[in-house]
Amino acid sequence: MADDALLFCSFDSGRDGLPAGAEEVLTLARSVASARGVDLDWLVVGPMPAGVAEAAAVHGVSHVDHVDDPRLGEFLPDVVVAAIAGYCARQQPASLFFSQTFDARLVAPRVAARLGVGVVMNVVDLLATGEGLVATTTAYGGDTRVEYEIAGHAVFGVAGESILPEPAASPGAATPRSIAVELSGTRERIRTVKKARSEGPRLEEAQIIVAGGRGLQEAENYRLVEDLAAALGGLAGASRPIVDDGWTDSSHQVGLTGKITRPVLYIAAGISGASQHMVGCTAAKTLVAINTDSDAAIFKYARYGIVGDCVEVLPALTRAVKGG
Amino acid sequence: MRIVVCVKEVLDPDAVDNYVLHGKLVIGDDGVTLTQTSIPRLMNAYDEQAIEAALRLRDAGIDCTIDVVCVGLEPTAILRHAAAMGADEITIVPLDQAKLDGRGIATILAAYIKNKGGADLVLCGRQASDDDQGVVPALIGELLDAPVVTIARAVEIDGDQVRVTRVTPDGDEVVETSRPAVVTISNELGTPRYPTTMRTMKARKLTPVQATLESLSLSAAEVAPLVRVTRQYVSSVQGNCQFIDGATADEQASALVGVLRAERVIS
C-alpha cells in the first residue's frame with residue numbers, strides 16, 4: 001500500500017451520479033500526485049454514486065475505497081467526520097482533498113483537527129514544491145489571491161469553479177476496496193428538526209440567470225428582474241446588498257456567501273461587480289452587464305455591456321425577447 | 001449561562017475592494033501585508049452579528065454573561081465597540097494574528113474558554129472577511145469536543161437545547177443540539193444594533209482583560225502554524241467587454257437580443 005497516497009474524500013451523492021465538483025478536485029489532486037509520483041485514491045463515504053467507478057478510472061485514480069454504514073445514508077456531520085477520521089487512522093493517506101460544498105466547509109476543518117494537520121479552504125490551485133505544497137486561495141471575497149505554504153500533509157477544501165476537468169493521460173486502475181470503519185460508538189449530536197426544502201429549480205443548475213443589484217433603485221423593481229428571467233426561461237438572482245435589504249430572499253443570493261452559479265447566460269443588472277458577487281458568476285459562459293456607470297467593475301468581467309439604467313433596459317429586454 | 005463570542009479585527013473589505021477596483025491596492029515589501037493605513041480596521045462584520053445573536057438571546061430572557069475575546073495586537077477599539085453593544089467582559093490575547101494559522105487561533109480560543117470554566121455557547125462569525133477561511137469555529141468545536149452548527153440566521157436556547165436555523169443552499173433548516181455548542185453566524189441574522197452614545201462613552205474607558213499563552217498554559221509549539229501565508233496579490237481580470245450601442249433602451253435591448261440569438265446563447 002502506498003501510504004503516501006493523496007486522497008479525495010466525498011460524502012455526497014451529488015447529481016448525475018457524481019459527487020459535486022468531483023472531476024475538478026480529481027484534476028487538481030492528480031496534478032500533485034503525478035508531480036510526487038504517488039497514488040491518487042478516492043474515499044467514498046456513504047452510498048456509492050453510480051458514476052464513481054468510471055470517473056475514477058478516467059481521472060487516474062488507483063483505488064476507490066468505500067466506507068459504508070446504514071447511518072451514512074443521510075448527512076450526519078459527526079458520523080461522517082468519524083468515518084473519514086477512522087479511515088485515515090487505518091489507511092494513513094497523505095493530504096486530503098474535499099470539494100468545497102456547503103457541508104464540506106464544516107467537515108474538512110473538523111477532519112484536519114482530528115488528524116492534527118493544517119487546513120486550507122477556498123483552494124483554486126495547488127503546486128508541489130520539493131517537500132512541501134503551495135496552495136493558492138481566494139481572499140477578500142475574491143479581491144486577492146493568498147498563497148499558503150504547507151510543510152507536511154494537510155486537508156484542502158477545493159473551490160473548483162475555475163478548474164477545467166481534464167482526464168488523466170493514462171486511466172487509473174480504480175480498484176474498488178471496501179474499508180470497514182467502526183462507527184457504533186459515534187453519537188450524532190445534531191438533530192434535524194426541520195429539513196431544508198428545496199423548492200423548484202436551483203440557481204446552481206440554472207442555464208440562464210438574470211440578477212439584480214442596488215441599481216434597481218427600489219425593492220419593487222426586483223419584479224423587472226423576475227420578468228426578464230421568466231421571459232428567458234431562466235431564474236432570478238440577486239446581489240448581497242439587496243438581499244440584506246430584504247428586496248428578495250437569500251435563496252436568490254449569488255456570490256461568496258450565496259450561490260456559486262455557472263450558467264450559459266448571466267445578465268447582471270445594476271450590479272457594480274464587487275468581487276464577493278463575482279465569485280458566484282464568473283464561471284458563466286456569457287456575462288452581460290447593465291450599469292449606468294461605464295467604469296463599473298462589472299464591465300471588466302462582462303462579454304457584452306449596456307451602459308444605461310437597468311430600470312429602463314430590463315423591461316426593454318423583456319419586450320425584445322417576447323417580441324422576437 | 002456563559003456565552004463566549006470570538007471576534008477578529010480585519011481591514012474594511014469594502015475599502016480593500018474599492019482599492020482593487022481602482023487598481024490601487026498596495027501590498028508591502030513582505031509580499032503579503034496590505035499596508036495602506038487609510039484602510040479602516042474594523043470588527044469582522046459576521047463577528048459583530050455573532051455578538052448581536054448573543055444579545056438577542058439575552059433580550060429573549062436568557063440569563064447570561066456575554067464574554068467577547070479577540071486574538072490580535074491592537075483590537076482594543078473593536079473590543080470597546082463590543083462592550084458598547086452590550087458585552088459584559090472583553091478579553092484580548094495580544095498576539096500577532098498574521099503569525100498564527102487557524103489551528104493556532106483556535107487552540108488559543110479553546111484554551112481561553114476552558115480557562116473560564118467552559119462556555120454554554122460559543123458564537124463566531126461564519127468566516128473572516130479577510131482570509132475567508134472560516135475554519136476556526138470548527139476547530140474550536142473539535143478542541144472543546146462540542147458540536148458545531150454553521151451558517152445560522154437565528155439561535156434560540158430552550159433549557160439545555162440549542163435550536164439553530166441554518167441558511168443552507170436548499171433553504172432554511174432547523175437543527176437542535178445540546179449545549180455546550182459552537183454556532184457560526186451568517187449575515188442573514190440581520191443588522192447588528194448600534195450602541196447608544198451613553199454606552200459608547202462608558203465603553204471608552206474600559207480596559208480589556210489580558211490573556212497570554214502563559215496564562216492559558218499554552219506553549220509556543222502548541223500554536224505554531226501548520227500553514228503559512230507566503231504571498232498575497234491582486235487577482236487580475238481580463239476585460240474584453242463589447243458595449244452595445246443604441247439611442248434608447250429599446251434599441252440597446254433589441255441589439256443585445258440580436259447578438260445573443262446570433263451566438264445561440266438564447267433561442
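Visitor: What makes up the secondary structure of chain A?
Guide: Chain A comes to 9 helices and 15 strands. The model is a predicted one.

Visitor: Why does the radius of gyration of chain A agree with a compact globule?
Guide: Set the value against the rule. For 324 residues, the rule puts a compact globule near 20 Å. Chain A has 22 Å, so the two agree. Along the principal axes, the C-alpha atoms fill a box of roughly 65 × 45 × 35 Å.

Visitor: How many of the residues of chain A count as buried, and what makes a residue buried?
Guide: The cut-off is 20 or more other C-beta atoms within 10 Å. Of the 324 residues of chain A, 55% count as buried.

Visitor: What share of the contacts in chain A join residues at least 24 apart?
Guide: Take contacts between residues at least 6 apart in sequence; 64% of these join residues at least 24 apart.

Visitor: What does each chain bring to the contact between A and B?
Guide: Chain A gives 71 residues and chain B gives 68 residues. On the side of chain A, they divide into 35 nonpolar, 16 polar and 20 charged.

Visitor: How do you know that β10 of chain A pairs with β9 of chain B?
Guide: Pairing takes at least two bridges. Here 3 bridges join β10 (residues 191-194) of chain A to β9 (residues 171-178) of chain B, so the strands pair. They run antiparallel. Arg191(A) has Glu176(B) as its bridge partner.

Visitor: Which strands are the edges of the 6-strand open sheet?
Guide: The order is β12(A)-β11(A)-β13(A)-β14(A)-β15(A)-β13(B), with parallel pairing. The edge strands are β12 (235-238) of chain A and β13 (242-243) of chain B; each pairs on one side only. Strand β11 (residues 208-212) of chain A is joined to β12(A) by 4 bridges.

Visitor: Why say that the buried residues of α1(B) line one face?
Guide: Pro13(B), Val16(B), Asp17(B) and Val20(B) are buried in helix α1 (residues 13-21) of chain B. Seen down the axis, they fall within an arc of 100°, so they line one face. An α-helix has 3.6 residues a turn, so residues three or four places apart point the same way.

Visitor: What do these buried residues pack against?
Guide: They pack against α7 (275-278) of chain A, with β2 (9-11) and β12 (227-234) of chain B. Just after α1(B), Gly23(B) takes a positive phi of about 65°.

Technical notes
Residues numbered from 1 in each chain as written. Chains lettered and ligands numbered in written order. Predicted model: local features only at pLDDT ≥ 70, side-chain atom pairs only at ≥ 80, totals over all residues. Contact = placed C-beta atoms within 7 Å. Nonpolar A, V, L, I, M, F, W, Y, C, P; charged D, E, K, R; others polar. Helix = DSSP H or I, 4+ residues; strand = E, 2+ residues; numbered from the N terminus. Rg over C-alpha atoms; globule rule 2.2 N^0.38 Å. Buried ≥ 20, exposed ≤ 12 C-beta atoms within 10 Å, placed from the backbone. Arc of directions from axis to C-beta.
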